[in-house]
Amino acid sequence: MKKLLCILTALTMVLTAGLALAEGETYRIGIAQFAEHGSLDNCREGFLAGLAENGFVEGENLEVDYQNAQADMGIANQIAQGMASGDLDLICAIATPIAQACFNAADGTDIPTIYTAVTDPVAAMLATEDGTATGNVTGTSDKLPIEAQLKMIRSLMPEATKIGILYSTSEVNSESAIAEYQALAPDYGFEIVVSGISATADIPLALDALLPQVDCLSNLTDNTVVSSLPLLLDKAGEAGKPVFGSEVEQVKLGCAASEGLDYFALGKQTGAMAARVLSGEAAADIPYEVISESSLYVNYDALAAVGIELPEDQAARAIDVSTL
Amino acid sequence: MLELRNVTKIYQAGTINETCLFQDFNLAVPDGQFVSVVGSNGSGKTSMLNIICGSIEIERGQVLVGGKDITRMSEFRRHRTVGRVYQNPALGTCPSMTLLENMSLADTKGRPFNLRRGTDRRRIAFYREQLSRLNLGLEDKLHVKVGSLSGGQRQAAALLMSTMTPIDFLILDEHTAALDPKTAERIMELTDQIVREKKLTTIMVTHNLRYAVEYGDRVLMMHQGKTVFDRAGEEKRGVTTETLLGLFNEISIECGN
Amino acid sequence: MGIVLSTVEQGLIYAILALGVYITYKILDFPDLSVDSTFPLGAAVTATMITNGMHPLLTLPASMLAGALAGAVTGIIHVKCRVRDLLSGIIVMTGLYSLNLRVAQDKANLPIFGTDTLFKNGLTAALPDAVADYAPVLILLALVVLCKLCMDWFLRTRAGYLLRAVGDNPTVVTALAKDGGMVKIQGLAIANALVALSGCVMCQYQRFFEISMGTGAIVIGLASVIIGTNLFKNLSFLRATSAVVIGSILYKACVAIALSSGLLPKPQDMKFVTAVLFLLILALGEVRRKKVKAHA
């Protein structure tokens with residue numbers, strides 16, 4: 001029994017230490033990230049850069065408690081509840097499920113939640129249809145520039161008719177992206193062939209079935225699929241079909257090209273919003289923002305491997321990922 | 001009357017190791033008879049019990065109780081009228097439940113296992129009395145988990161449990177084999193007492209020739225799936241352990257041992 | 001204080017799941033993997049009912065029923081189709097994944113912010129502020145105690161005895177002229193009803209359904225059961241069910257400690273620290289047991 005008491009005492013001490021009060025003009029924020037993931041990491045770095053640009057510099061007047069749920073919902077909730085019960089000035093939540101968990105946990109406190117990398121804030125009930133917040137919450141959406149991507153694929157592959165998309169049925173963001181792909185594809189003369197998976201282990205089989213049916217693959221920001229990108233590239237490479245990514249990290253890893261979001265820029269934009277909130281603006285008064293501009297990222301080696309040459313007009317604005 | 005009619009049992013049918021244990025095996029046990037079954041290992045004693053209880057399926061033939069064919073009846077349904085005690089004391093009781101809980105379980109047999117209290121407090125005195133008959137001190141261990149009792153104590157409890165509610169048949173599968181001589185003796189006496197009191201039709205497989213001679217009113221020797229010796233009533237009284245031992249030796253010589 | 005409170009709250013929610021896992025793992029001796037899908041099933045049923053304007057209280061029996069059905073299917077696959085226990089759980093876990101999406105109106109994530117839940121409704125809003133903070137933990141405590149008492153009661157009924165017997169020694173159940181298979185099916189149904197109830201409560205607590213919320217549910221359940229039953233093995237005054245509830249809270253406490261920034265060189269180390277804490281708890285149980293033996 002005594003040992004049990006010791007443990008409990010230790011627990012309380014550790015917790016109170018973690019909650020030690022901030023001194024002077026220092027701001028304390030929490031960053032809750034859903035999973036270890038290149039894009040989400042870029043988001044976080046961008047977020048801190050955005051804050052720094054606006055005068056909130058980590059280590060000077062900003063204390064950051066960064067936690068990662070490692071894609072576990074139970075842990076995501078604990079992180080959210082833990083942050084909401086501390087005396088933070090703001091919580092930054094990266095990706096949809098943890099944004100919802102933070103919003104829920106901070107409800108009833110005066111800690112604002114700033115989210116990023118949430119594809120559809122309205123579907124996630126973090127914002128209403130007209131763009132206003134549902135509470136003390138705002139942020140940025142990482143909605144894919146799907147139309148630009150279709151336009152880009154058309155200009156690179158004038159003969160192609162079928163685009164294959166692999167997605168995991170567990171990710172709400174992927175569903176809405178697929179719906180948009182399917183709505184827009186006919187305008188550019190494409191047909192979308194989708195294949196839904198539920199776990200990383202399904203990917204090889206799904207690819208074997210999907211690849212013969214399509215002219216190329218286009219990726220979403222689907223976490224499950226993206227985490228198996230090397231395998232996907234391998235299989236597509238064997239079949240001689242190009243893979244188009246959904247953001248710059250994927251192109252760096254070997255996708256041919258992408259009309260993609262710059263997650264660092266997205267994070268930076270979110271950081272600027274957070275700075276406004278820290279300076280006294282109410283999060284609820286700031287509508288959520290979407291990055292509208294996309295950039296063309298190109299991996300020239302990957303393009304050459306499938307025998308595609310970048311047209312003149314595209315080459316001018318293309319960013320070569322090997323220079324990044 | 002319990003009957004096995006033209007029973008054929010083949011193990012590993014359709015494989016190269018196919019072995020036919022019983023071929024048109026017949027046995028009739030009149031109500032109230034206490035049959036002791038002896039025989040060497042692999043002679044089919046336990047298989048016969050398993051066939052009666054429905055633990056194994058047969059290829060051909062019938063199992064009848066009181067003229068009614070129960071060949072296709074599932075094992076658990078047959079146990080409505082059958083109590084069985086195994087050689088392994090662990091098989092007859094639930095180790096992580098207390099002795100009282102085990103007794104209560106057995107007492108509920110034949111009645112619905114519904115949401116009533118598992119242990120009827122008014123029955124505790126009865127359980128205690130039953131246990132005290134064993135002279136094993138079990139009446140003071142009602143709240144002890146059965147798993148921590150000795151093998152003999154567990155086997156005694158198993159015997160009580162299998163005969164607590166009204167049954168017609170008692171199947172004893174070498175139920176004293178794993179016990180020390182003294183406890184075995186005690187359990188055997190108790191078995192005989194219960195069988196007489198409740199007028200149970202009993203089939204007891206045993207390796208102890210003395211038990212086969214001393215107890216019961218019929219003795220059966222089995223060899224390679226056949227009955228080689230069968231004496232009942234007056235005739236059985238003349239059978240001695242020497243008779244049985246002699247038979248055993250004959251069989252062994254035949255087999256070339 | 002807030003973090004202790006929220007740790008206890010989440011521990012209590014998973015305690016209901018752990019009680020279900022206790023039935024399958026400890027009583028039935030059946031490693032039931034369907035839990036990973038019946039937990040979100042309860043949440044899916046809840047989110048859909050609430051978005052369709054139904055009363056939050058109704059979601060409790062509804063999700064329990066859904067969970068019980070799923071559990072029964074696991075049992076039927078195992079008993080009637082003679083599929084290995086692990087595999088029948090995997091079959092249901094896999095199939096239910098799609099079904100859960102259907103139940104949640106084809107959404108992998110279904111929020112219920114802004115609607116009444118068990119924890120946020122007219123009644124709790126009327127509470128004075130000082131009490132309101134404790135409303136969730138009190139509601140959860142009441143629910144968990146109710147579940148625990150029901151289970152204690154059930155395990156002492158005739159049906160409960162039979163359930164314990166079938167995991168302990170199926171031969172005895174056959175000897176009692178009862179179909180052990182049916183008893184197993186019933187046990188799995190009860191266990192998964194509890195798991196789905198836990199999912200239902202979790203959904204109302206976090207106020208959204210998320211298809212991935214069941215991932216690792218079985219691990220949390222098993223860890224809670226093992227931590228609880230190992231640590232309190234020799235405390236006879238503590239029922240196993242209470243031990244399981246405490247185990248679940250301890251599990252969440254381990255994660256909370258691991259999460260508290262002071263201990264972590266890097267956020268990535270969180271799981272490692274959690275694992276070390278589990279090990280410490282189990283070792284503690286072992287030390288305590290040896291002491292008890294030495295005194296005896």
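Select Ser174(A) and the residues around it. Leaving aside neighbours within four places in sequence, Ser174(A) is in contact with Tyr167(A), Ser168(A), Leu220(A) and Asp222(A); two residues are in contact if their C-beta atoms, placed from the backbone, lie within 7 Å. Leu220(A) is 46 residues from Ser174(A) in sequence, yet the two C-alpha atoms are 6.6 Å apart. Is Ser174(A) buried or exposed? Ser174(A) counts as buried because 25 C-beta neighbours lie inside 10 Å (buried: 20 or more other C-beta atoms within 10 Å of its own; exposed: 12 or fewer; partly exposed: in between; C-beta atoms are placed from the backbone).

This is a predicted model, in which local features need pLDDT of at least 70, side-chain atom pairs count only at pLDDT 80 or more, and totals for chains, interfaces and linings use all residues. Residues are numbered from 1 along each chain as its sequence is written, while chains are lettered from A and ligands numbered from 1 in the order in which they are written.

Ser174(A) sits in helix H6 of chain A (helices, H or I, at least four residues, and strands, E, at least two, are DSSP runs numbered from the N terminus). Now show chains A and C together. Here 35 residues of chain A are in contact with 37 residues of chain C. On the chain A side, helix H1 (2-18), strand S2 (62-68), helix H3 (73-84), helix H4 (96-106) and helix H6 (172-184) each give two or more residues. The largest share, 8 residues, comes from H3(A).

Next, select residues 2-27 of chain C, which form helix H1. H1(C) has 26 residues and reaches 36 Å from its first C-alpha to its last, close to the 38 Å expected (1.5 Å times one less than the number of residues). Of its 26 residues, 21 are buried. Where is the kink in H1(C) centred? The kink, about 30 degrees, is centred on Val21(C); the bend at a residue is the angle between axes fitted to the seven residues ending there and the seven starting there. After H1(C) comes Asp29(C), with a positive phi near 55 degrees.

Finish in chain B. Six strands form an open sheet of mixed pairing, in the order S6-S7-S8-S3-S9-S10 (strands pair if DSSP finds at least two bridges between them). Strands S6 (82-85) and S10 (226-232) of chain B are the edges, each pairing on one side only. Strands S3 (34-39) and S9 (218-223) of chain B pair in the parallel sense over 5 bridges. Gly39(B) stands opposite Met222(B) in S9(B).
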